[in-house]
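Biologist: I am new to this structure. Please take me through a single part of it at close range, then show me what lies around that part.

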Amino acid sequence: MRGVRAALAHEWIKFRSVRSTVWTTVVMAVLPVPGAVFVAATESLQPDDTVLGGALTLSVPALMLAAVVGALVMSGEYSSGTIRTTFAATPRRRTVLGAKAVLVAGGLYLLALPSVVCAYLVGGALLGDGYAQGDPMPALLGVAGAFSVAGLLGLAVGTLVRHSAGAVTTVLGVLLLPSLFGPLFGDAQRWVAGISPTAALEKLTQTSDATAEAVGSLAAWPSLALVGGYTVLLLLAADTALGRRDA
């Protein structure tokens with residue numbers, strides 16, 4: 001137990017010492033609120049949309065930044081060479097990965113939850129009563145959870161790829177490509193696009209874009225569970241690779 005606490009403390013020190021991860025995390029946490037202000041100022045909310053969906057318009061790019069944070073937490077150490085020092089201080093590599101996972105998942109959730117709640121409150125105040133409010137609870141808890149899952153997905157990819165640029169490109173591809181290429185698959189679009197973390201997020205925010213034809217008929221929480229399931233599988237693969245490879 002003491003070793004786990006020490007590993008968490010080391011990971012926290014490293015996290016806040018690297019500018020790229022710190023600033024990416026800050027932008028991720030700040031982004032949803034200006035998005036709500038922009039939607040209200042431009043009156044760009046669709047008539048069939050909800051205040052919740054409109055206020056969280058920029059939650060999708062924020063989710064991408066959460067995935068980038070997770071990727072950088074591990075791949076950044078390989079790029080800089082500090083991973084050797086990390087494994088020298090904590091020889092049990094599974095403990096290192098576990099500490100990073102706890103830090104990423106917990107930190108992103110604690111930052112994302114107040115951010116999306118504030119975005120919803122700001123959007124509700126600015127947009128008024130002309131639109132349906134949506135059902136914010138427990139949806140906002142799920143939205144924050146989606147950020148944690150995206151971060152863990154990035155961490156798994158960063159562990160497997162080990163190169164920062166490659167890890168960031170790969171995890172952004174996982175988030176974006178299903179939605180981009182889904183229409184090319186005709187009737188199978190809903191199955192292809194529906195497996196993306198962004199699809200689960202759109203369902204949780206109850207945006208009018210999350211139609212059954214576009215992202216499948218699977219409900220919001222089962223969609224998040226699906227994304228969480230294959231993220232766990234990727235983390236297990238990352239743990240196996242981490243134990244077999246040289247630093």
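Modeller: Start with Ser-164. Setting aside neighbours within four places in sequence, Ser-164 is in contact with Leu-72, Ser-75, Gly-76 and Ser-79. Contact means heavy atoms within 4.5 Å. Ser-164 is part of helix 9. Helices here are DSSP runs (H or I, at least four residues), as strands are (E, at least two), numbered from the N terminus. Ser-164 has a relative accessible area of 17%, so it is buried. The cut-offs are these: buried is under 20% relative accessible area, exposed is over 50%, and partly exposed is in between, with a 1.4 Å probe and protein chains only.

A word on the source. This is a predicted model, in which local features need pLDDT of at least 70 and side-chain atom pairs count only at pLDDT 80 or more, while totals for chains, interfaces and linings use all residues. Residues are numbered from 1 along each chain as its sequence is written, and side-chain values use heavy atoms, with hydrogens and water left out.

Now helix 9 as a whole. It covers residues 164–181, and its 18 residues should span 26 Å at 1.5 Å a residue; the end C-alpha atoms are 25 Å apart, which agrees. The expected span is 1.5 Å times one less than the number of residues. Helix 9 also has a kink of about 35 degrees at Leu-175, shortly before the proline Pro-178. That bend is the angle between axes fitted to the seven residues ending there and the seven starting there.

Which residues of helix 9 are buried? They are Ser-164, Ala-167, Val-168, Val-171, Gly-173, Leu-175 and Pro-178. These buried residues pack against helix 5 (59–80), helix 8 (136–161), helix 10 (189–193) and helix 11 (197–205).

Take helix 8 next. It packs with helix 9 at an angle of about 135 degrees, with their axes 9 Å apart. Helix 8 is therefore oblique to helix 9. Axes are lines fitted to C-alpha atoms, for helices over the stretch in contact, and angles run from 0 to 180 degrees between N-to-C directions. Angles under 35 degrees count as roughly parallel, over 145 as roughly antiparallel, 65 to 115 as roughly perpendicular, and the rest as oblique. The crossing of helix 8 and helix 9 is right-handed. A crossing is right-handed if the near helix is turned clockwise from the far one by less than a right angle, and left-handed if anticlockwise. On the helix 8 side, Leu-153, Gly-154, Val-157, Gly-158 and Val-161 take part. They meet Gly-166, Ala-167, Thr-170, Val-171, Val-174 and Leu-175 of helix 9.

Pro-138 is found in helix 8. The peptide bond from Met-137 to Pro-138 is cis, with omega near 10 degrees.

Between helix 8 and helix 9 there is a loop, and Arg-162 is in it. Phi of Arg-162 is near 75 degrees, a positive value in a residue other than glycine. Arg-162 has 26% relative accessibility, so it counts as partly exposed.

Gln-206 lies in the loop between helix 11 and helix 12 (212–215). Its phi is positive, about 60 degrees, although Gln-206 is not a glycine. Gln-206 is partly exposed, with a relative accessible area of 26%.
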